[in-house]
Amino acid sequence: MKKILVYLKNYKKELILGPFFKLLEAVFELIVPLVMAKIIDNGIGNNDSGYILRMSGLIVILGICGLGFALTCQYLAAKCAYGFGTELRTALYKHINSLSYSGIDKVGTASLVNRLTNDSNTVQNGVNMFIRLAVRAPFLVIGAAVMAVTIDLKLSLIFFVVAPLISFVIFMIMRKTIPMYRKTQQKLDRASMLTRENLEGTRVIRAFSRQQEEIDEFSEAVDDIADCSVAVGKISAILNPVAFMVMNLGIVAIVWFGGVRIDAGSLTQGELTAFTNYMTQILLALVVLANLIVTFTKAFASANRISEIFSIAPEESGSTVNGINDCILEFRNVSFAYETAADSSVSDISFSLKKGEMLGIIGGTGSGKSTLAYLIPCFYRATSGEVLVSGVNVNDWNLDRLRNLISVVPQKAVLFSGTIRENMQWRNQNATDDEIIAALKIAQAWEFVSKSPEGLDKIVAQGGRNFSGGQRQRLSIARALVGNPEILILDDSTSALDYATDLALRRALKTEMSDTSIIMISQRTTSLKDADRIIVMDDGEAVGMGTHNELLESCGVYLEIYNSQMNDREGNANA
């Protein structure tokens, strides 16, 4: 919780002045029943119209002043709450971007989005309500009771019977509803996850004609939220009728016993009216206080969810600025296991890669190929062993500097809305058009980019939807080439390319990027046959290591993959 409250430090003035002005409004509100009592006893009782007009004017003045204080408080509360919310969301977004892959995997993308949006709004509303009502509601309850005691001690005993009864009703309702509110917030995570999956996978859903099934699943999720909310609403709906019933019975008691006190000459009609007003104020303040506690409960629950994200340590970055070693990359007995996994995804891998060499990685689905590659830029950290870049352990590198040396093209080609030029300048914001065109030519993308009338200014739709799968892959590769990285990781990023384009790409990389060390992950043996070394992965282990020809003779797994692909190509050719 302290990690969140720190974002209120720039709004100390609003936190103090806001409740102060609300307190002044409450003071004026408590004075009004006394003025009304004076009007009834002195003005109406003595038929003094002048006195009535003067006191009525005082009530108007009190009302205007109270309105001014309330509006001032509202302004200060809004400034504080929304400023706090802005700073909190900014800090949370920045922290999420500093998390490692493991940290993001631990929480889940859908939950992170929900905490960044829904939970931060709930906390923001909690701050707003705190400034506006946290002082006013308790003060009105206590103040009205004190004012009643000063008017008539015996009659005020009714307050001390009615108030605990209403408080008991509020407590019992809150005891039921607060856990249900927490449950509702948890259900929002599932709805957010389904929304994200459906929007991202809309083409797959339509390809399999699964629209209705997905609609039904989403409807079930939101129905769960609705059912929970309706259940809470039904219980909360009891609050006002029961509270008003108790209050009205209290007012009946005040009128009954107040009439007796008036006949005895111990109480005036105006004072009885003031008593009734104070009873109403206590009830309304208690109902507001109940709603305020519910709001705070939601805010605390959301604050704890946000604090969980802040408690996840960001990626550790070393201080090494550079390394000098002819061996650009080396793995020494490296193993890695995901936090939630019982077995290692990568087990005891050792190899080295020199500058300008190409390393191929091949293996079945789930064999650990991508995990192995993602240990190099420190997306994940090895659980044992060492990963060295230029002779320095990646854990000791400054992460910005390390990742500036490495370009990664992931399995799924991701482009961002904007222009082709803007996408190409992600690694180097100052990249010239000549540098971009050179990268596009190596990636075999300039052919279709140059045919567009807009050229580098061609608009890229969200996710690159206006390009084919192969075009997106080539643009992603070109983006990684801009800036001449020391290490280029191609994570099965040529899968959508035909064999001719794949061959042209590899030849261009060999001739134009001769100083760049390339790690190519692929399912095709033909894509890797010219590699200086190939690692064959099977169930997280390196079952073979060598050149294409060496592995054909020494590694059964590689030979099996090679034969199956050659048979497929022959079959396709014969067909």
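Q: At what angle do α3 and α5 pack in this model?
A: Helix α3 (residues 49–98) and helix α5 (residues 109–133) pack at about 155°, and their axes are 9 Å apart. Keep in mind that this is a predicted model.

Q: Parallel or antiparallel, then?
A: Roughly antiparallel, because angles over 145 degrees count that way, and that is how α3 lies relative to α5.

Q: And which hand does the crossing have?
A: Right-handed, as α3 passes α5.

Q: What sort of residues make up the contact of α3 with α5?
A: There are 16 nonpolar residues in that contact, plus seven polar and three charged ones.

Q: OK, zooming out. How many helices and strands does the protein have?
A: The secondary structure comes to 21 helices and 12 strands.

Q: Is the whole thing spread out or a compact globule?
A: Spread out. The radius of gyration is 35 Å, while the globule rule gives 25 Å for 575 residues, so the protein is more spread out than a compact globule.

Q: What does the C-alpha trace span along its principal axes?
A: About 115 × 45 × 45 Å.

Q: How much of the protein is buried?
A: Buried residues make up 45% of the 575 residues.

Q: Which way do β3 and β11 pair, parallel or antiparallel?
A: Parallel. Strand β3 (residues 358–363) and strand β11 (residues 533–538) share five bridges. If you want to find the pairing on screen, L359 stands opposite R533 in β11, and G360 stands opposite I534 in β11.

Q: And what about β11 with β12?
A: That pair is antiparallel, again over five bridges, with β12 covering residues 541–546. I535 stands opposite M545 in β12.

Q: How many residues sit between β11 and β12?
A: Two, and the strands form a hairpin there. D539 in the turn has a positive phi of about 55°.

Q: What about the sheet with four strands, what's its order?
A: β2-β1-β4-β5, an open sheet with antiparallel pairing. At the edges stand β2 (346–354) and β5 (392–393); each has a single partner strand, so one side of each is left without a neighbour in the sheet.

Q: How many bridges join β1 to β2?
A: Six, between antiparallel strands, with β1 running over residues 327–336. L329 stands opposite L353 in β2.

Q: Is N47 buried or exposed?
A: Exposed: its relative accessible area is 71%, and the cut-off for exposed is over 50%.

Q: And S390, where is that one?
A: S390 lies in the loop between β4 (384–389) and β5. S390 isn't a glycine, yet has a positive phi of about 55°.

Q: Buried or exposed, for S390?
A: Buried. S390 has 8% relative accessibility, and under 20% counts as buried.

Note on methods
Residues numbered from 1 in each chain as written. Predicted model: local features only at pLDDT ≥ 70, side-chain atom pairs only at ≥ 80, totals over all residues. Heavy atoms only, no water. Axes fitted to C-alpha atoms, helices over the stretch in contact; angles between N-to-C directions. Parallel < 35°, antiparallel > 145°, perpendicular 65-115°, else oblique. Left-handed = near helix turned anticlockwise from the far one by under 90°. Nonpolar A, V, L, I, M, F, W, Y, C, P; charged D, E, K, R; others polar. Pairing = 2+ DSSP bridges. Rg over C-alpha atoms; globule rule 2.2 N^0.38 Å. Buried < 20%, exposed > 50% of the residue type's maximum accessible area, 1.4 Å probe, protein only.
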